[in-house]
Amino acid sequence: MALAWQDDQLARLAFGHPSAAAAIAGLEGTGDWTATNRRDLPPWVADLAERLAAYAAGEAVSLADVPLDLSHLTPFQRKVALACRRIPRGKTRTYGELAAIAGAPGAARAVGSVMSHNRFPLIIPCHRVLGAAGSLGGYSAPDGLATKRRLLALEGWEPRGKRMSKAGR
C-alpha cells in the first residue's frame with residue numbers, strides 16, 4: 001500500500017500491489033512523490049496508515065474523516081465520489097443509483113468512469129458499486145474483480161440469493 005499527500009490532504013492511495021516499490025509506482029499521476037520513512041509521517045497520515053492496516057485485518061474502521069484532494073474532479077464527479085463515500089460498510093449501490101443521487105439519472109456509464117479513475121480506493125469505496133442486476137461490474141485495482149470480491153467479503157457483503165436464513169438453511 002502507498003499513500004501520497006500534499007499539505008493536509010490525501011492526494012492518492014494505491015493498494016494490492018506485491019511490493020512497496022510496485023505500490024509507489026501504482027500512485028501514478030504527475031505528482032513528484034518523495035518516499036518518507038514511516039517515523040517521519042505527519043500524525044494524520046500515520047493514523048490513516050494504522051486505520052488502513054486495521055481495515056485490511058477485517059476491522060470495521062471509519063475512513064469518513066480522511067481529508068481528500070478532490071480538486072481534479074468536475075462538480076458531477078465530486079457528487080458521485082461523495083455519494084460513493086457515504087455507502088456503508090457491507091452495503092452496495094448500483095452505478096445507476098449513484099447517478100441518480102448525483103442528479104443525473106441514466107448516467108450509470110459516467111459513474112462507472114468516475115469509479116474507474118478513483119484515486120482513493122477504500123476511502124471512496126468504489127468496490128461497493130455494482131451493476132444494475134447485482135453484477136460486480138469492474139474494478140481497476142490489481143487483480144480486478146478478485147480484489148473487489150475479497151473487499152466485499154471482508155466487509156460481510158454477500159451476493160443476492162446467497163444469504164442464509166435465520167434457520168440456517
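# Notebook: charged pairs and their surroundings

I started with Ser-113, which is partly exposed at a relative accessible area of 36%. I placed Ser-113 in helix H5. I then took a C-alpha distance from Ser-113 to Tyr-95 and got 9.9 Å. These two residues are 18 apart along the chain. I note here that I am working on a predicted model.

**Entry: salt bridges**

How many salt bridges does the structure hold? I found 3. I went through them one by one.

I looked at Asp-47 and Arg-51 to begin with. Their side chains meet in a salt bridge, N to O at 3.0 Å. I find both residues in helix H2, which spans residues 43-56. They sit 4 residues apart, about one turn of the helix. I checked accessibility for each. Asp-47 comes out at 35%, so I log Asp-47 as partly exposed. Arg-51 has a relative accessible area of 17%, and the cut-off for buried is under 20%, so I log Arg-51 as buried.

Which other residue forms a salt bridge with Arg-51? I found Asp-65, with the closest N and O atoms 2.7 Å apart. This pair links distant parts of the chain. Arg-51 is in helix H2, whereas Asp-65 lies in the loop between H2 and helix H3 (75-85). Is Asp-65 buried or exposed? Its relative accessibility is 53%, and exposed means over 50%, so I log Asp-65 as exposed.

My next pair was Arg-128 and Glu-155. They form a salt bridge, and their closest N and O atoms are 2.8 Å apart. This pair also links distant parts of the chain, 27 residues apart. Arg-128 is in the loop between helix H5 (108-116) and strand S4 (129-130). Glu-155 is in the segment after helix H6 (144-154). I checked burial at both ends. Arg-128 has 8% relative accessibility and counts as buried. Glu-155 has 8% relative accessibility and counts as buried.

Arg-51 is in the bridge to Asp-47 and in the bridge to Asp-65.

**Entry: around Glu-155**

I returned to Glu-155 for its contacts. Not counting residues up to four places away in sequence, Glu-155 touches Tyr-55, Arg-89, Gly-90, His-127 and Arg-128. I looked up the polar contacts next. The side chain of Glu-155 makes one with the side chain of Arg-128 at 2.8 Å. A polar contact of 2.8 Å also joins the side chains of Glu-155 and His-127.

**Entry: His-127**

Where is His-127? I placed His-127 in the loop between H5 and S4. Its relative accessibility is 0%, so I log His-127 as buried. I then listed contacts, leaving aside neighbours within four places in sequence. His-127 is in contact with Tyr-55, Leu-122, Tyr-139, Lys-148, Leu-151, Leu-152 and Glu-155. I see Tyr-55 among the contacts of His-127, and Tyr-55 is also among the residues that Glu-155 touches.

I end with the two Arg residues. Arg-51 is bridged to Asp-47 and to Asp-65, and Arg-51 is buried. Arg-128 is bridged to Glu-155, and Arg-128 is buried.

Notes: Residues numbered from 1 in each chain as written. Predicted model: local features only at pLDDT ≥ 70, side-chain atom pairs only at ≥ 80, totals over all residues. Heavy atoms only, no water. Salt bridge = Lys/Arg side-chain N within 4 Å of Asp/Glu carboxyl O. Helix = DSSP H or I, 4+ residues; strand = E, 2+ residues; numbered from the N terminus. Buried < 20%, exposed > 50% of the residue type's maximum accessible area, 1.4 Å probe, protein only. Polar contact = N/O pair within 3.5 Å; in protein donor to acceptor, adjacent residues only side chain to side chain. Contact = heavy atoms within 4.5 Å.
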